Number of protein chains: 2
Amino acid sequence: MDANEESWGQWLEGASRRKRWLVGVSGGADSVALLHMLVEAGFSKLVVCHLDHGLRGRASTADAKFTGRLAEELGLEFDTRRVEVKKLAKENGESMETAARRARHGFFGECAEKWRCVRVILAHHADDQAETVLWNLLRGSHGLRGMKPIQRMGGLELHRPLLEWRRRELRERLTIKRLKWRDDTTNLEPVAVRNRLRNEAIPLLDEISGRDVAAGLLRLAGDWKGQTAITDWALEKADVIDPQGRMHLGAMRKLPVALQRAALARFLTGHGVTGVDREVLEHGKHLIEAHVPAVINLPGGRRLRRRAGRIFVEANEEDAG
Amino acid sequence: MDANEESWGQWLEGASRRKRWLVGVSGGADSVALLHMLVEAGFSKLVVCHLDHGLRGRASTADAKFTGRLAEELGLEFDTRRVEVKKLAKENGESMETAARRARHGFFGECAEKWRCVRVILAHHADDQAETVLWNLLRGSHGLRGMKPIQRMGGLELHRPLLEWRRRELRERLTIKRLKWRDDTTNLEPVAVRNRLRNEAIPLLDEISGRDVAAGLLRLAGDWKGQTAITDWALEKADVIDPQGRMHLGAMRKLPVALQRAALARFLTGHGVTGVDREVLEHGKHLIEAHVPAVINLPGGRRLRRRAGRIFVEANEEDAG
């Protein structure tokens, strides 16, 4: 069995068909394919959720109509809302991507409340995943991390059962079954950056390398995930936390620098410190190496202190007083 | 001190100025900057090695003349050879990149013999490194590996002391010191793929992301190197090799899958098995999971066998007979 069928089968095993599920459907090929696959698999209490981003003028309205009719034909509930992403972006001084993402989350949040259902199924597929990996890679700050198959976010539970399917495979499925979809809807949704990665960057890299770059990115993201699992295992073995929950310097100093860094990052995140970046870890390294200073400032006002062979997070004075 | 000055200083500490060194100089900004930096640092027994790739017609000859004159002005030895990379590529049915690389290695090999010196200094810098990382990433098979600062290869010892310097920094250095170089020489050296990454892909990715993509790639390559160090540490802790040098299945099964894979890859490579790829490791996984079969074929005709709770590499029958 192919990886796509296999992962879809695994997701189906864990997903109750009798329960209600929200499904994000733009009317484009990917989400229409997803919707038909769900119906074929026996899901009957689906709520088709369509957000009109207000970016395509009349075509937007037609997308909403198409999706509503499709839901009706399949005997499913339908919910829709129109937002003006451009206007929102301008008002809040944020990028179109950010505005669109916030609008989608807001919409799904409202649907969740209205339909008393926190489970949302999304049609993100392997090519979307490759674009996400490339985008994280270009930003240089999140490793090669991609989207998770199941993700909890702000009270919602997002499911992405198509992450192993290539865009091409989904379209082929629709064509074979003579199912209809609206072209270009998804393309215009998340706006500029993602579209340019999809339509310009990846085709150029494919052409230069003579390879399927998306497949390479996905393999690398898989390797990266494996590396993360190895780091988790190594941190457990390293056993640098003492019974009082402080980091033991003697144990830390026996580790390779990269593992010290990972241990420190995990330790700080575990203490609720946000904004742990390369700079913070670089400063933390000085504490481990036992030179001056004995204390460094952390993002958010707290401090990391070295004392008596241990490192621990200290509240700031305002907190203490 | 900046990372570039620091790494250059570290390299200088380990490099004897009294010894003879070969330096690859194309006449372009990067290698001309390198040459002047070496002379300023007190290296006096340098041999300036210039390979004319025969790709730029009359300009090629001018590059060679320029480089020869520069060596003379600096009181250094000069060695040059002309090859016809296009012709070589055609004759051997290989890409221009491969032909150019082979020609360079051949040239440095001859220089090493003639000058009785295996140490070669090359001008690869941080932007070259980012291109290499991107190229390995696109091929999807070598992780995010970049060039090594010191690399042993076919009897040569290649040194790359400028890997932390950005192209821009090297040019600024030349401009400030009013030193001359030949434009476009390096650009035409390694031919198509690398040039397209440099001139098309990276500028496009910079523009789309609004970031310095090369810097992001270098940070990621650094993270990847750190992950490799963590894997090395974890493999030592995992201790899966028994006193007879076979893999202990019980110990293997306690590890996360990614670490099993890394252990198996290391084990096979250590036994001189070449061509250990994802497919081989995937087959090896079945052996570890203790289902049928009890033996799998390895690239090169040998076999990996499971017996009595151990896994070991077996010679093929021809070897045994």
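Mentor: At 5% relative accessibility, A:Asp63 counts as buried (under 20% relative accessible area; exposed is over 50% and partly exposed in between, with a 1.4 Å probe and protein chains only). This is a predicted model, in which local features need pLDDT of at least 70 and side-chain atom pairs count only at pLDDT 80 or more, while totals for chains, interfaces and linings use all residues. Residues are numbered from 1 along each chain as its sequence is written, chains are lettered from A and ligands numbered from 1 in the order in which they are written, and side-chain values use heavy atoms, leaving out hydrogens and water.

The partner of A:Asp63 is A:Arg182: the two form a salt bridge whose closest N and O atoms are 2.7 Å apart. The term denotes a side-chain nitrogen of Lys or Arg within 4 Å of a carboxyl oxygen of Asp or Glu. A:Asp63 belongs to helix α3 (residues 58-73) of chain A and A:Arg182 to the loop between α7 (167-176) and α8 (185-188) of chain A, so the pair ties together parts 119 residues apart in sequence. Helices (H or I, at least four residues) and strands (E, at least two) are DSSP runs numbered from the N terminus. A:Arg182, at 26% relative accessibility, counts as partly exposed.

A further pair in chain A joins A:Asp232 to A:Arg266, again as a salt bridge, with closest N and O atoms 2.7 Å apart. A:Asp232 is in helix α10 (residues 213-238) of chain A and A:Arg266 in helix α12 of chain A, so that distant parts of the chain, 34 residues apart, are linked. A:Asp232 is partly exposed at 35% relative accessibility, and A:Arg266 is also partly exposed, with a relative accessible area of 42%.

In chain B, the side chains of B:Asp79 and B:Lys114 meet in a salt bridge at 3.0 Å, N to O. This pair, too, links distant parts of the chain: B:Asp79 lies in strand β3 (residues 77-82) of chain B and B:Lys114 in helix α5 (residues 96-115) of chain B, 35 residues apart. B:Asp79 is buried, with a relative accessible area of 9%, whereas B:Lys114 is exposed, with 55%.

Some charged residues are joined into a group: salt bridges link A:Asp128, A:Glu131, A:Arg167, A:Arg194 and A:Arg198 in a network. Over all chains the structure holds 53 salt bridges.

Four salt bridges are counted between chain A and chain B. B:Arg196 and A:Glu207 meet through their side chains in a salt bridge of 2.9 Å, N to O. The contact between the chains (heavy atoms within 4.5 Å) takes 40 residues from chain A and 40 residues from chain B. About 3,800 Å² is buried between chain A and chain B, 73% of it on carbon and sulfur atoms. Buried area here is the accessible area (1.4 Å probe) that two parts lose on being put together, summed over both.

Charge also meets aromatic rings. A:Arg119 lies over the face of A:Trp21, 5.1 Å from the ring centre, and the charged end of B:Arg119 sits over the ring of B:Trp21, 5.1 Å from its centre. The criterion is NZ of Lys or CZ of Arg within 6 Å of the ring centre and within 35 degrees of the ring normal.

A nonpolar core is a set of buried Ala, Val, Leu, Ile, Met, Phe, Trp, Tyr and Cys residues joined through side-chain atoms within 4.5 Å. The largest has 57 residues, of which A:Leu268, A:Leu304, B:Leu268 and B:Leu304 touch the most other members. Helix α12 (residues 257-270) of chain A gives the most to this core, namely eight residues. A second, separate core of 38 residues includes A:Val133, A:Leu205, A:Ala214 and A:Ala221.

Chain A as a whole has 14 helices and ten strands. Of its 321 residues, 49% count as buried. In chain A, residues 24 or more positions apart account for 65% of the contacts with a separation of 6 or more.
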